[in-house]
Amino acid sequence: MRRLIFILAGLLAALPVGATQLSLTGAGPSAGGAPAAWTCTDLGSALVACYDVTNASTVHESGGAVSQLDDLSGNGYHVTQSSAGNKPTYSATGFPGSEPGITCDGTDDWLGTSSTAVAMGVSAFAFFLSATGAASGDTDGRFSFQGNGDSSDYGATTSAVLIDYLPSPFIKWASYRAGGKSAVPPFTYAVDTAYRLGTVFDGADNIFYINNSAQTPVASTGTLAATGGLGLCSSYDGALSNYGGTFQRVILMNRAPTSQERTDIDTWLNYSP
């Protein structure tokens, strides 16, 4: 046994400087060699926009009133609110599990871009978020991408991707595009419970997700507007459908994710400090 130890020690000493060394304990690579945690930017060019309330440096707030949430994609699609009466509220413990979250009041709070700020995928797309069930009594609320400068409710020129909170306690997923539209029966949610929600259009089907569980695909065709406005807690301009609840993370993509990407996204949405 002593001879074996001497032999191993000699082998380790002979390794070049900087080479990965063997572990005699079976503990694997050191912490310095551990793979980095997945983040939304790992989606590369497929990422249109990404918002992460758990990253406090991206939340611009004063006394909890949020004026801007930075886009982490590098595309600069920051969502903003300049009107004091329409600013949602940030809390470091506002999301279930005493985690960071931004709460909208269901009446007139929202964050948004301009009407044509966001360049979106035309023939395929995906929209994911983590948010609570809307507060009891909330009559309608949404997270949405709406194209053609139209924020009306599914108007003739609207090209939209919606995660739509109907009168409490239901959620509807829908997408309205030139040449096709799709929607699914509402899902019944629990108030103040966190959900990971997604809608994906792969060019042939819309697939809707609840906590990474796929609902029955809806066959559909069509294209989305190339540019539009993004709204969190409402349409991009706050004109209608104000969500009353708390959200934490949001991802917008210009194509459908792969199976592995969808798993990574769901793990990322299911934040645990």
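Cysteine 104 has a relative accessible area of 3% in this predicted model. Buried means under 20%, so cysteine 104 counts as buried. Which residue does cysteine 104 form a disulfide with? The partner is cysteine 233, and the two sulfur atoms are 2.1 Å apart. On the sequence, the pair links distant parts of the chain, 129 residues apart. Cysteine 104 sits in strand S6, which covers residues 99-105. Cysteine 233 sits in the loop between strand S19 (227-232) and strand S20 (244-253).

Now the partner itself. Is cysteine 233 buried or exposed? Its relative accessibility is 0%, so cysteine 233 is buried as well. The angle about the S-S bond of cysteine 104 and cysteine 233 is 75 degrees, and the link is right-handed.

For those new to the subject, a disulfide is a covalent bond between the sulfur atoms of two cysteines. How many disulfides are there here? The count is two.

The other one joins cysteine 40 to cysteine 50, with an S to S distance of 2.2 Å. This pair also links distant parts of the chain, although here the cysteines are ten residues apart. Cysteine 40 lies in the loop between helix H1 (2-14) and strand S1 (47-52), while cysteine 50 is in strand S1.

Why is the disulfide of cysteine 40 and cysteine 50 left-handed? The torsion about its S-S bond is about -95 degrees, and that makes it left-handed. The link of cysteine 104 and cysteine 233, to repeat, is right-handed.

If you number the bonded cysteines of the chain in sequence order, the pairing reads 1-2, 3-4.

Next, the backbone. Most residues other than glycine have a negative phi. Cysteine 233 has a positive phi of about 85 degrees, and it is not a glycine.

Where is asparagine 211? Asparagine 211 is in the loop between strand S16 (205-210) and strand S17 (213-214).

Terms used. Residues are numbered from 1 along each chain as its sequence is written. This is a predicted model: local features need pLDDT of at least 70, side-chain atom pairs count only at pLDDT 80 or more; totals for chains, interfaces and linings use all residues. Side-chain values use heavy atoms; hydrogens and water are left out. A disulfide is a pair of cysteine sulfur atoms within 2.5 Å. Helices (H or I, at least four residues) and strands (E, at least two) are DSSP runs, numbered from the N terminus. Buried means under 20% relative accessible area, exposed over 50%, partly exposed in between (1.4 Å probe, protein chains only).
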